[in-house]
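The entries follow the order in which I looked things up.

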Amino acid sequence: MPIPETFKNRLTLPVIAAPLFIVSQPPLVRAQCLNGIVGSFPALNARPKELLNDWLSQLTEELAAAQLADPQKKIAPFAVNQIVHGSNDRLDHDMALCVRHKVPMVITSLRPPGDVVKEVHGYGGIVFHDVISVKHAHKAIDEGVDGLVLVCAGAGGHAGTLSPFALVSEVRRFWDGPIALSGAISKGEHILAAQAMGADFAYIGTRFIPTLEARASDDYKLAIIESSADDIVYSSYFTGVSGNYLRSSIVRQGLDPENLPTREKSTMQIGNSEAPAKAWKDIWGAGQGVGSVDAVEPVADVVARMKSEYDTARQRLCSS
């Protein structure tokens, strides 16, 4: 499948690091890009909103300087996630800054991103859009996106329920553009498997929460290390959109993970919640791949291990 020019000869692995609310900030994004995978962060992580300008300047300048110092090094571009939803009253402000800084890639979530696509294409950037179904994929393509992020069963945070085998296969029947696949991907062989089933990139979030550079509490990181797939709870209670969360964080707030009520999507709040706990802070998102994580490490070590696992898996297949 065609790979955007933005990525060519700049990646050590076909990986896009998912934007993690609160957790993804410049230190994490910088480390991801410097190790050859696309780093990303939600625009809403920059608080107050004026801080976003500083973050974009910082990342652009630091990555450019690193590339100048070592022209042969594979340094990936970074991406900014924009929530296209009525409750995000910062969208116009944040997009204006993305345009000013010519952010290489914008990842959009929730609503069809037509206006964002026009703005990003205006300066030569690319847009990938999160989808959880064929219906959503069609809508995003109609809006002119450059790529799709298929958020399948087992992905951390807001996630769908479809098997990646099903969704990738169905989307590939009508879309030959770039696909990033999300859903419990945490090892190098998982990345190769994503490519084997028809995706171009693995979209990885949970594995980067327990890293030294991530802005997550020690308790959050430890909870991931101590959890398995059985400890992931799928619920719409906290934000109005169904997602995967760590059972232990729900229990810590005095809630029963087995008896959470549902909420309508129309009640979704960005950076605010009607739930007893603050979903963006106290309830911790994580995917079903937590069982593959057993230590807090620097991003460089995580990527290096994934690269070794990926290469080993390729060699094993080629020799079989």
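**Entry 1: basis.** I worked from a predicted model, in which local features need pLDDT of at least 70, side-chain atom pairs count only at pLDDT 80 or more, and totals for chains, interfaces and linings use all residues. Residues are numbered from 1 along each chain as its sequence is written, and side-chain values use heavy atoms, with hydrogens and water left out.

**Entry 2: α7 and α10.** I took helices (H or I, at least four residues) and strands (E, at least two) as DSSP runs, numbered from the N terminus. Helix α7 (residues 188–196) packs on helix α10 (residues 299–319) at about 55°, the axes being 6 Å apart. Axes are lines fitted to C-alpha atoms, for helices over the stretch in contact, and angles run from 0 to 180 degrees between N-to-C directions. The two helices are therefore oblique to each other; angles under 35 degrees count as roughly parallel, over 145 as roughly antiparallel, 65 to 115 as roughly perpendicular and the rest as oblique. I noted a right-handed crossing of α7 and α10, meaning that the near helix is turned clockwise from the far one by less than a right angle. From α7, Gly188, Glu189, Ile191, Leu192 and Gln195 meet residues of α10 that include Met306, Tyr310 and Leu317.

**Entry 3: cores.** I then looked up the largest nonpolar core, which has 72 residues; Phe41, Phe78, Leu148, Leu150 and Ile191 have the most contacts inside it. Such a core is a set of buried Ala, Val, Leu, Ile, Met, Phe, Trp, Tyr and Cys residues joined through side-chain atoms within 4.5 Å, where buried means under 20% relative accessible area (1.4 Å probe, protein chains only). Helix α10 supplies the largest share of this core, 6 residues. A separate core of 18 residues includes Phe7, Leu11, Ala180 and Tyr203.

**Entry 4: α3 and α4.** Helix α3 (residues 91–101) and helix α4 (residues 114–123) pack at about 15°, with axes 9 Å apart. They are therefore roughly parallel to each other, and their crossing is right-handed. Met95, Cys98 and Val99 of α3 make the contact with Val116, Glu119, Val120 and Tyr123 of α4.

Entry 5: Which residues of α4 are buried? I listed Gly114, Val116, Val117, Val120 and Tyr123. Just after α4, Gly124 takes a positive phi of about 95°.

Methods: Contact = heavy atoms within 4.5 Å. Buried < 20%, exposed > 50% of the residue type's maximum accessible area, 1.4 Å probe, protein only.
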